[in-house]
Amino acid sequence: MTEAFTLISAIGTPLTDDGERLHVAGLEAQIHDQWSGGMTGLLVGGTMGMMQLLADETYEDLVDHSIRLGRGRGEVLVGVGDAGLTRTLARVRLLNDKKADGVVALAPYFLKFGQAELVDYYTAIAEASRHPLYLYDLPVLTGTKLSLETVATLAGHRNIRGIKCSCDFTWTRQLIDLDLPDFRVIVAQAEMIDVLFRAGVRSHLDGIFAAAPHWVGDIARAATRGDWDSAADAQRKLIALLKVVRDRGVMPAFTVMMNARGIPGNFAPRPHRPLDARAAAAVLAEPIVQELLAAVPAAAR
C-alpha cells in the first residue's frame with residue numbers, strides 16, 4: 001500500500017461469550033486481517049470498538065494487546081472520549097505510559113455543551129496527554145456538532161494534530177479548505193472513498209473497514225494505478241456490505257460476519273442482543289456476504 005493513502009480501520013472489540021473479557025485470539029486474528037488487507041493504521045476503542053460498554057480492565061487489555069500487535073506495522077490510535085472530562089482524563093492518564101500513536105476523543109455526550117466549553121474540554125485533554133490528540137466529530141451520536149471556528153481554534157494547540165470527521169461532507173470540505181497547518185483531516189465517508197481519492201482526499205477511517213479491509217485496500221490500490229473502474233467496483237461491494245450491516249443491526253451482524261470469516265469473539269456487548277440462528281443465517285445468505293466469504297474465507301488466508 002502506498003503511503004500516499006491513509007486507511008485506518010476502526011476495529012471491533014471481540015469479547016468472550018460471557019462478555020466479560022477480551023477474546024485475545026479474536027483480536028489477534030482481526031488485527032492480522034487488517035494489515036493483510038492493506039490498512040495503514042488502527043483505531044482501537046472507538047465507537048466501533050464499543051469502548052463505553054467495556055469494563056475498565058477489558059479496555060486496558062484491549063489497548064495493551066492492540067499496541068503489541070500493531071507496533072511496527074502501522075499507527076495505533078486509541079479512543080478515550082466519554083461523557084465528561086473526568087472520565088476522559090482517566091483514560092488519557094492510563095494511556096500516558098503506553099506506546100500508542102495518538103488518542104481520539106469524541107465530544108462529550110449525554111449533556112450538551114457550548115463551543116467555548118468544548119474548546120476548554122479538548123484543551124484540557126491535550127494538556128494532559130503525552131500522545132497527540134485527535135478530535136472526533138460524530139454529531140449523529142453525541143448530539144454535539146463542532147463548529148469550524150472551534151476546530152480552527154483547537155488546531156493551534158501544539159498537541160492537537162487532527163480530526164476524524166464523521167459528519168456531512170460539505171462541512172468536512174470546508175474544513176479541508178481551511179488548510180490548517182500540521183493538522184490532519186481524516187474522513188469517514190465509506191460510501192464514497194473512490195470519489196474522494198480521485199478528488200485528492202486521501203485519509204480515510206471507518207468501522208466497515210474492519211469487516212472487509214481487502215476491499216478497501218482494493219479501492220486504494222486501484223486508485224494508485226489510476227484504474228478508476230476497478231476502484232468503483234470495489235467501492236460498490238463495500239456499499240452493499242454497509243447496507244447489510246445497517247439493515248440487520250451493525251454490531252450483531254458484524255459479529256456474525258467476522259465469525260464466519262474465522263475471526264472469533266462477540267463484538268456486540270450487552271445490551272446488544274445476538275442474532276438468533278434464523279437471523280444469522282439470513283445475514284450469511286446475503287449475496288454480498290457470500291461474495292465476502294468466498295473472497296477471503298478465513299482471516300489466516
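## Salt bridges

A salt bridge is a side-chain nitrogen of Lys or Arg within 4 Å of a carboxyl oxygen of Asp or Glu. E191 and R246 meet this description, because their closest N and O atoms are 2.7 Å apart. E191 sits in the loop between β7 (184-187) and α8 (193-198), while R246 belongs to helix α10 (residues 228-248), so the pair ties together parts that are 55 residues apart in sequence. E191 is partly exposed, at 32% relative accessibility, and R246 is also partly exposed, at 49%.

The model described here is predicted. In total, 21 salt bridges are found in the structure.

## Other pairs and a network

E60 is in helix α2 (residues 56-70), and K98 is in the loop between α3 (85-95) and β4 (102-106); the two are 38 residues apart. Is K98 buried or exposed? K98 counts as buried because its relative accessibility is 16%, and buried means under 20%. E60, with a relative accessible area of 28%, is partly exposed.

R21 and D18 also form a salt bridge through their side chains, at 2.9 Å from N to O. R21 has a relative accessible area of 48% and is partly exposed; D18 falls in the partly exposed class as well, at 41%. Elsewhere, salt bridges link D56, D82, R87 and R91 in a network.

## The largest pocket

The largest pocket holds about 780 Å³ of space. Its lining consists of 29 residues, and those closest to the centre are T47, M48, Y136, L138 and L141. Helices that each supply at least two residues of this lining include α5 (139-142), α10 and α11 (250-260).

Which classes of residue make up the lining of the largest pocket? There are 19 nonpolar, 6 polar and 4 charged residues.

## The second largest pocket

The second largest pocket has a volume of about 380 Å³. It is lined by 20 residues; D17, N266, A268, P269 and R270 lie nearest its centre. α11 provides the largest share of this lining, with 4 residues. By class, the lining of the second largest pocket comprises 10 nonpolar, 6 polar and 4 charged residues.

How values were computed
Residues are numbered from 1 along each chain as its sequence is written. This is a predicted model: local features need pLDDT of at least 70, side-chain atom pairs count only at pLDDT 80 or more; totals for chains, interfaces and linings use all residues. Side-chain values use heavy atoms; hydrogens and water are left out. Buried means under 20% relative accessible area, exposed over 50%, partly exposed in between (1.4 Å probe, protein chains only). On a 1 Å grid over the protein atoms alone, a cavity is a set of points where a 1.4 Å probe fits but cannot get out, and a pocket is an open set with protein on both sides within 12 Å along at least five of seven lines; lining residues have an atom within 4 Å of a point. Grid points are joined across faces, edges and corners, and a volume is the space filled by probe spheres set on the points. Ala, Val, Leu, Ile, Met, Phe, Trp, Tyr, Cys and Pro count as nonpolar, Asp, Glu, Lys and Arg as charged, and the others, Gly among them, as polar.
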